[in-house]
Amino acid sequence: GELDTALEYLKRSLAIFRETGAKSGEGKTLNNMATNAHARGELDTALQTLKNQQLALWFRRYRQEVQQ
């Protein structure tokens, strides 16, 4: 249904954001994917997606600090 279609668009968006290095879009898309998984009742997937998002944010901040 609609959640399946939304998830497909989110996956496409995530690939584009990652290819172009658009970190803000990547983070928002991961958050939306977690919301989609939650709506499906896939709580483990939702939690893992949020953890991946948090790890990506931490790594980006760490790289910025190291480069300074």
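A pocket is an open set of grid points where a 1.4 Å probe fits, with protein on both sides within 12 Å along at least five of seven lines. In this predicted model, the largest pocket holds about 150 Å³ of space. Its setting is described below, starting from the overall fold.

The protein has three helices and zero strands. Along the sequence, the pattern reads α-α-α. The C-alpha trace spans about 45 × 25 × 10 Å along its principal axes.

Helix H1 covers residues 2-20. H1 packs against H2 at an angle of about 160°, and the two axes lie 9 Å apart. Angles over 145 degrees count as roughly antiparallel, and H1 and H2 are therefore roughly antiparallel to each other. The crossing of H1 past H2 is left-handed. On the H1 side, the contact is made by Leu3, Asp4, Ala6, Leu7, Leu10, Lys11, Ser13, Leu14, Phe17 and Arg18. On the H2 side, the residues are Gly25, Glu26, Thr29, Leu30, Asn32, Met33, Asn36, Ala39 and Arg40. By class, this contact of H1 with H2 comprises nine nonpolar, five polar and five charged residues.

Helix H2 spans residues 23-40, and helix H3 spans residues 43-67. Their axes come within 7 Å and cross at roughly 165°. H2 and H3 are therefore roughly antiparallel to each other. Here, too, the crossing is left-handed, with H2 passing H3. From H2, the residues in contact are Lys23, Gly27, Leu30, Asn31, Met33, Ala34, Ala37 and His38. They meet Leu43, Thr45, Ala46, Thr49, Leu50, Gln53 and Arg60 of H3. The contact of H2 with H3 has seven nonpolar, six polar and two charged residues.

The largest pocket draws on these two helices. H2 and H3 each supply at least two residues of its lining. The largest share comes from H3, with six residues. By class, the lining of the largest pocket divides into four nonpolar, two polar and four charged residues.

Definitions and conventions. Residues are numbered from 1 along each chain as its sequence is written. This is a predicted model: local features need pLDDT of at least 70, side-chain atom pairs count only at pLDDT 80 or more; totals for chains, interfaces and linings use all residues. Side-chain values use heavy atoms; hydrogens and water are left out. Axes are lines fitted to C-alpha atoms, for helices over the stretch in contact, and angles run from 0 to 180 degrees between N-to-C directions. Helices (H or I, at least four residues) and strands (E, at least two) are DSSP runs, numbered from the N terminus. Angles under 35 degrees count as roughly parallel, over 145 as roughly antiparallel, 65 to 115 as roughly perpendicular and the rest as oblique. A crossing is left-handed if the near helix is turned anticlockwise from the far one by less than a right angle, and right-handed if clockwise. Contact means heavy atoms within 4.5 Å. Ala, Val, Leu, Ile, Met, Phe, Trp, Tyr, Cys and Pro count as nonpolar, Asp, Glu, Lys and Arg as charged, and the others, Gly among them, as polar. On a 1 Å grid over the protein atoms alone, a cavity is a set of points where a 1.4 Å probe fits but cannot get out, and a pocket is an open set with protein on both sides within 12 Å along at least five of seven lines; lining residues have an atom within 4 Å of a point. Grid points are joined across faces, edges and corners, and a volume is the space filled by probe spheres set on the points.
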